[in-house]
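Here is a run through the labels attached to this structure. Each one is set against its cut-off.

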Amino acid sequence: MTLLFQLLVNGLIVGALYGVVAMSFVLIYKASRIVNFAQGEFLLIGAWTCWWLLTSWQLPFWIGFPITLVFMLIFGVVLQVVVLRPMIGEPIISVIMVTIGLSIVFQAAMKWMFGVFAKPFPQIFASPTLDVFGLQVQTVYVVSLGISILIMAGFGWFFKYSRLGLAMRATAFDQQVAQSLGISVRQMFAMSWAISAMVSAVAGVTVGVVNGVSSALSFFGIKVFPAVILGGLDSIIGAVIGGLIVGVLENMAHYVDSQWLNWGNMYEIAPFYVLIAILMVKPYGLFGTKDIERV
Amino acid sequence: MANVSIIPSGDFKTSYGTDTTIFPTVTSRNFAILGVVLLLACPAFMDRYWLSLLIQIGYLGIAALGLNILVGFTGQISIGHSAFFGFGAFASAWLNNRWGVPVFLAIPLAGVLTTGVGLIFGMPAARLKGLYLAIATLAAQYILQDFFARADWFTGGTNGTIAEPLTIFGFAFDTDERYFYVVLVAMVVMYILGTNLMRTRDGRALVAVRDHYLSAEIMGINLTKYRTMSFGISAFYAGIGGALYAHYLQFVSVEGFTIVFSIQFLGMIIIGGLGSIMGTLMGTAFMVLLPELMQAASKLVSGTAIDTALNLKDNIAFLREMSVGLVIILFLVFEPDGLAHRWKQIKAYWKLYPFSH
């Protein structure tokens, strides 16, 4: 029973991280209608950058981390302007393939620069574990849950009250109308990529601190797909809920598997079965808007 | 107009028959036949290594053609093609090892089995399009990959499985020189089938679904049927390609059929040209020869400052991986219609040479 509870807590924490990544994925999709297959590589790049600053330059975390964020901001903008902007108006397959190509390039480049083995982050928190309701939980997990909730709340505020957030929502709703209201659609596209890259980097660093940094991080980018399909591609709240569900689901699948089935590997694969099942029943996800097409 | 040797400059087609011929002129047909004859002579003078590359182009080209029918002609996106390729490989080996089906029957049967699997995963495709479909096929990729690792009875689990060489009437095609002909025959047959498919009613329906699916539906084309069918055909081609691969290497391991391999397939058809049959072959050749090119390039700079700075010797694997992604991106940005389009432009240039304006 303790195991089950432990897994449930783990699931919620990992799920919250999935939710954050899914949210930044949906952000790009909503703003520019691009499905970003390189989302996982954003985590990877963010985590490696931070790791590099912390180990090679011996910077303290509170300096290295903001530098990482600034780097990711610039990185996101440059990526959008250089690679994705020429793709506007191209068919979906081209856009998807460009992001897939990017993900391959980044992944190989990261392996090239930092090697294939997982490298641990330097110690950041004084005590490695905390006592929460009688459960030993890693400090990083608690902090990461806090960070996730903070990011989600931040997103909520940003899109509801800030000028920029409202402009982005307007762009997502209708680009022409937004443009006629004096919003620069180009800037909004670039902004959405920048924010998405930054938020992903936060998630990447968090996971990196827990598990060490390795190319396995980019698998988060794949796990995002079940989450966003559960939530619907264009719903930010859906993405968060989808992320939580996927996080809990894979831990539950792992529990069921280890207790009774003994098939192995259910942790990785269960979300994909659920994904296929959902798509068969509800082709636009659970919270996604159904396309109505007029001829 | 039926039997001209070069295309006249005013090119007016007066019947559907002339518009849908496989070869527009006698010359182009003769060249195609000449090409096949030249290939037939290849084992006589080529060394092992180049033959093995040609064989690779052959079986990968068959599978890539399947993907092009799905992506290029029907406009459906699939990121799980290598899983079907792998399924074909295992299915053929399994049919032969477990049930004693002779290999030359097992290869087409493996294609049929793979079609079945393709249809199962194609079922959501009937209702999905674009992004949602891409993600569904991504799930198919991971589910099948997991299945390969799990199903000991089918794939031999982590040990992999042995595939007997192809034998007809006691004659074993177990060397590169011999197997080359098997792949060549299979490739010619599959490519002619593919070309002819696109000339039929069904093939035109697939193209109509791609170009404007609402109009297609209004014209009475059954969307569900053709989308699913296209998935099935693509899986069939992948299965045949995979089976040929299995009996060439005579061993199939579960690790090879990853998402990177799927992306390579997509790369082949994008480089070659979406919706172009000859382009598929060009793209496959490009993708297979790319590592060779890089090898040659790295040899060229070995010992120089670039070599030591990048530490090429140890990192060539990553460079290769990177080049796949980079080539895809560069082609999409600079030549979105692929090599086939470039080839057409070259032909058009020479058609009116030297008075091209």
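Q: Which residues of H2(A) and H3(A) meet?
A: H2(A) brings A:Ile45, A:Gly46, A:Thr49, A:Cys50, A:Leu53 and A:Leu54. H3(A) answers with A:Phe61, A:Gly64, A:Phe65, A:Ile67, A:Thr68, A:Phe71, A:Met72 and A:Phe75. Contact here is a C-beta criterion (C-beta atoms, placed from the backbone, within 7 Å). By class the set has 10 nonpolar, four polar and no charged residues. Nonpolar covers Ala, Val, Leu, Ile, Met, Phe, Trp, Tyr, Cys and Pro; charged covers Asp, Glu, Lys and Arg; the others, Gly among them, count as polar.

Q: What kind of model is this, and how is it labelled?
A: This is a predicted model, in which local features need pLDDT of at least 70, side-chain atom pairs count only at pLDDT 80 or more, and totals for chains, interfaces and linings use all residues. Residues are numbered from 1 along each chain as its sequence is written, while chains are lettered from A and ligands numbered from 1 in the order in which they are written.

Q: Why are H2(A) and H3(A) called oblique?
A: Helix H2 (residues 39–56) and helix H3 (residues 61–84) of chain A pack at about 140 degrees, with axes 9 Å apart. The axes are lines fitted to C-alpha atoms, for helices over the stretch in contact, and angles run from 0 to 180 degrees between N-to-C directions. Under 35 degrees is roughly parallel, over 145 roughly antiparallel, 65 to 115 roughly perpendicular, and the rest oblique. The two helices are therefore oblique to each other.

Q: Which hand does the crossing of H2(A) and H3(A) have?
A: Right-handed. The rule looks at the near helix: anticlockwise from the far one by less than a right angle is left-handed, clockwise is right-handed.

Q: How do you know how H3(B) runs relative to H11(B)?
A: Helix H3 (residues 48–73) and helix H11 (residues 223–249) of chain B pack at about 170 degrees, axes 7 Å apart. That makes the pair roughly antiparallel. Their contact holds 18 nonpolar, five polar and no charged residues.

Q: What makes up the side of chain B that touches chain A?
A: 35 residues of chain B are in contact with 34 residues of chain A. On the chain B side, H5 (103–127), H6 (130–150), H12 (259–272) and H15 (312–334) each supply at least two residues. The largest share, 12 residues, comes from H6(B).

Q: Why is chain A called as compact as a globular protein of its length?
A: Chain A has 11 helices and two strands. Both are DSSP runs numbered from the N terminus (helices H or I, at least four residues; strands E, at least two). Along the sequence they read α-α-α-α-β-β-α-α-α-α-α-α-α. The radius of gyration is 19 Å, close to the 19 Å that the globule rule gives for 295 residues, so the label holds. That rule is 2.2 Å times the number of residues to the power 0.38, over C-alpha atoms. The C-alpha box is roughly 55 × 50 × 40 Å along the principal axes.

Q: Which spans of chain A does UniProt list as "transmembrane region"?
A: The unreviewed entry lists several, including residues 138–159 and 225–249. Residues 138–159 are 95% helix and 5% strand, with end C-alpha atoms 32 Å apart. Residues 225–249 are 84% helix and 0% strand, with ends 14 Å apart.

Conventions
Two residues are in contact if their C-beta atoms, placed from the backbone, lie within 7 Å. UniProt positions are given in the numbering used here, feature names are shortened, and annotations may be inferred rather than shown by experiment.
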